[in-house]
Amino acid sequence: MDTKMWVDIQELRRMLDAHHAAAGLVVLPHRLLKVNEELGELVQAYLGVIGANPRKGVTHTQEDLVSEACDVATTALVLLATVSPDPEGALRRSIERVVRRALSEVAEIPDGTDAGGPAVQWDGDARSDRP
């Protein structure tokens, strides 16, 4: 993430802190609940993309799914900025740790391809045989 994005995340955090303070609300529980709310919207979009509800059919687009994933990420970053004095460093260290662990555990994808990326890229088709 670039510096401008972290400035924006901190600006959002400060605005939300002020809102919660004015309303007499405790910040951290609301940030946790908001991440959960956004995750629910992401799941709803995914179910809508694949047409999981036979009564409704396909109700969302790939663009909706991407938008909701971004909302989850943004909300989680605001939460991270709330609980960490160095959210950028914390995120960088976490990503590095996850990458090191993942790459040390998987030398090769089971189908024989290298671990440079997914063996199959999801194309956004609303098919019921997708995991």
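**View 1. The whole protein.** Of the protein's 131 residues, 20% count as buried (under 20% relative accessible area, with over 50% exposed and partly exposed in between; 1.4 Å probe, protein chains only). This is a predicted model: local features need pLDDT of at least 70, side-chain atom pairs count only at pLDDT 80 or more, and totals for chains, interfaces and linings use all residues. Residues are numbered from 1 along each chain as its sequence is written, and side-chain values use heavy atoms, with hydrogens and water left out. Helices (H or I, at least four residues) and strands (E, at least two) are DSSP runs, numbered from the N terminus. The order from the N terminus is α-α-α-α.

**View 2. Surface and contacts.** The accessible surface of the protein is about 9100 Å² (Shrake-Rupley method, 1.4 Å probe). Carbon and sulfur atoms hold 60% of that surface. A contact means heavy atoms within 4.5 Å. Among contacts with a separation of 6 or more, 55% come from residues 24 or more positions apart.

**View 3. Helix H3.** H3 covers residues 62-83, 22 residues in total. From first C-alpha to last, H3 reaches 32 Å, close to the expected 32 Å (1.5 Å times one less than the number of residues). Its buried residues are Leu65, Glu68, Val72, Thr75, Leu77, Val78, Leu79 and Ala81. They pack against helix H1 (3-22), helix H2 (27-50) and helix H4 (87-105).

**View 4. Helix H2 and its end.** H2 has 24 residues and reaches 35 Å from first C-alpha to last, close to the 34 Å expected. Buried in H2 are Val27, Arg31, Glu38, Ala45, Gly48, Val49 and Ile50. Their cover includes H1 and H3. Glycine 51 follows H2, with a positive phi near 65 degrees.

**View 5. H1 against H2.** The two helices pack at an angle of about 120 degrees, with axes 10 Å apart. Axes are lines fitted to C-alpha atoms, for helices over the stretch in contact, and angles run from 0 to 180 degrees between N-to-C directions. H1 is therefore oblique to H2 (under 35 degrees is roughly parallel, over 145 roughly antiparallel, 65 to 115 roughly perpendicular, the rest oblique). On the H1 side, the contact is made by Arg13, Leu16, Asp17 and His20. On the H2 side, Val27, His30 and Arg31 take part.
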